[in-house]
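Here is a short report for a reader new to this structure. Look over the sequence and the model, then read on.

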Amino acid sequence: MSDATGTRDDWERRLEMVWADADDTRPDELRSAMSAVLAERADDDARVLFELASVEDFLGEEAAAIPLYRESLAAGLSAPFDSQAIIQLASSLRNVGDASGAISVLKEISPTDPLARAAEAFRALALYDDDKPVRALRTALDALSHEVPMYGRALGSYAAGLRSRPRIRVIAVALVVKDGYVLGEEYAASSARRAFLRAPGGGVQPGERAEAAVRREIAEELGATVTGAGLLGVIENIFDNEGRQGHEIAYVFAVRSPELESLPRDSRLPVLDGDTTVGWYRLADLGADTLPFYPAGALDLPRGQG
């Protein structure tokens, strides 16, 4: 064994000892002990940044941990610590109220990663906090199905068949119209329905104004800033959701957003906390018999026409 390897192994052992003695009731001692070990490396070393983030995370200081996790990943943190940093970053984001950000970050974990099942468990927690309980349960059960030898197949099948219980949702959506085109979130066709579009947006949280909700949803889902939002109207949308009745109360806003309005006509923007994308569609091409746009009637609201 070379001296370099021996030094590295000794450093790792001392690091493990710090974590073995870690006590969140004595934060100053933990920070001091960790600093003494990390002092041997440069301040911008990816592993140093990761360990510093982990200390703040362990002490419940998620807001301080989040930028350090991001810096460690940007600095080229190596495996297996890169996957750990992604999962811990996602957990911290969820704990500070950014469930959508957590979902987005966890997309970076490959299904073949040794920590893929752990990542799915944290994704399930984030989905639940993001008001997606069925997707949360489906994700958790699907991850569990790979770990249960006798009933794994049954769990996976039941997870795939889970559907939302009937409820009335209050949502706030953005109508972004420019030069005869509208920005739509595309949902692919399935065996039970045709492809369709939805106005970007999402659920209104308890105690949240609808306008605040549409601004938050656009930031969380598309990473865009809303500079203006005018209420066009409120639509009661009752629809068929693959054989089950859906019911929404939709606040429809005419939205101005520099990032969205500057999106090239032939480009698509990924929805950060989902698997869909957003792009421009010609208003003249949309209709119930061609490509439906939901909430139904949104494009007929005053000023909604392009």
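Which residues in H5 meet which residues in H6?

## The H5 and H6 pair

The model is predicted. In it, Ile86, Ile87, Leu89, Ala90, Leu93 and Arg94 of H5 meet Ala99, Gly101, Ala102, Val105 and Leu106 of H6. By class, this contact has nine nonpolar, one polar and one charged residues.

Two packed helices are described by the angle between their axes and the distance between the axes. Helix H5 covers residues 81-95, and helix H6 covers residues 99-106. Their axes lie 7 Å apart, at an angle of about 165°. That angle is over 145°, the cut-off for roughly antiparallel, so H5 is roughly antiparallel to H6. The crossing of H5 and H6 is left-handed.

## H6 under cover

How many of the eight residues of H6 are buried? Seven are, and the helix is mostly covered. The buried residues are Ala99, Ser100, Gly101, Ala102, Ile103, Val105 and Leu106. What covers them includes H4, H5, H7 and helix H10, residues 210-222.

## The H3 and H4 pair

Now to another packed pair. The axes of H3 and H4 come within 8 Å and cross at roughly 160°. That makes H3 roughly antiparallel to H4. The crossing of H3 and H4 is left-handed.

On the H3 side, the contact is made by Ala46, Leu49, Phe50, Leu52, Ala53, Ser54, Glu56 and Asp57. On the H4 side, it is made by Glu62, Ala64, Ala65, Leu68, Tyr69, Glu71 and Ser72. By class, the contact of H3 with H4 has nine nonpolar, two polar and four charged residues.

## Two nonpolar cores

In soluble globular proteins, nonpolar side chains tend to be buried together. Here, the largest nonpolar core has 25 residues. Those with the most contacts inside it are Phe50, Tyr69, Leu77, Leu89, Leu93, Val105 and Leu106. At least two core residues come from each of helix H3 (46-58), helix H4 (62-74), H5, H6 and helix H7 (116-129). The largest share, seven residues, comes from H5. There is also a second, separate core of 20 residues. It includes Ala213, Ile218, Leu222 and Phe253.

What does Phe50 touch, leaving out residues up to four places away in sequence? It touches Tyr69, Ser72, Leu77, Phe81, Gln84, Ala85 and Gln88.

## Tyr251 in strand E7

Tyr251 sits in strand E7, residues 244-256. Is it buried, partly exposed or exposed? Tyr251 counts as partly exposed because its relative accessibility is 29%. Not counting residues up to four places away in sequence, it touches Val170, Ile171, Ala172, Val173, Ala210, Leu231, Gly233 and Val234.

Tyr251 and Val204 are 47 residues apart in sequence. In space, their C-alpha atoms are 9.3 Å apart. Pro264 and Pro206 are 58 residues apart in sequence and 35 Å apart in space, C-alpha to C-alpha. Pro264 lies in the loop between helix H11 (258-261) and strand E8 (269-270). At 41% relative accessibility, Pro264 is partly exposed.

## Backbone details

Where are the cis peptide bonds described here? One joins Ala79 and Pro80, with omega about 0°. Pro80 is in the loop between H4 and H5. Another runs from Tyr294 to Pro295, with omega near 0°. Pro295 lies in the segment after strand E10, residues 293-294.

Asp131 has phi near 60°. It is found in the loop between H7 and helix H8, residues 133-145. With a relative accessible area of 40%, Asp131 is partly exposed. Asp179 has a positive phi of about 55°. Its place is the loop between strand E2 (177-178) and strand E3 (181-187). At 62% relative accessibility, Asp179 counts as exposed.

## The whole protein

The secondary structure comes to 11 helices and 10 strands. Along its principal axes, the C-alpha trace spans about 70 × 50 × 35 Å. Of the 306 residues, 42% count as buried. Among contacts between residues at least 6 apart in sequence, 59% join residues at least 24 apart.

Key:
Residues numbered from 1 in each chain as written. Predicted model: local features only at pLDDT ≥ 70, side-chain atom pairs only at ≥ 80, totals over all residues. Heavy atoms only, no water. Axes fitted to C-alpha atoms, helices over the stretch in contact; angles between N-to-C directions. Helix = DSSP H or I, 4+ residues; strand = E, 2+ residues; numbered from the N terminus. Parallel < 35°, antiparallel > 145°, perpendicular 65-115°, else oblique. Left-handed = near helix turned anticlockwise from the far one by under 90°. Contact = heavy atoms within 4.5 Å. Nonpolar A, V, L, I, M, F, W, Y, C, P; charged D, E, K, R; others polar. Core = buried A, V, L, I, M, F, W, Y, C linked by side-chain atoms within 4.5 Å. Buried < 20%, exposed > 50% of the residue type's maximum accessible area, 1.4 Å probe, protein only.
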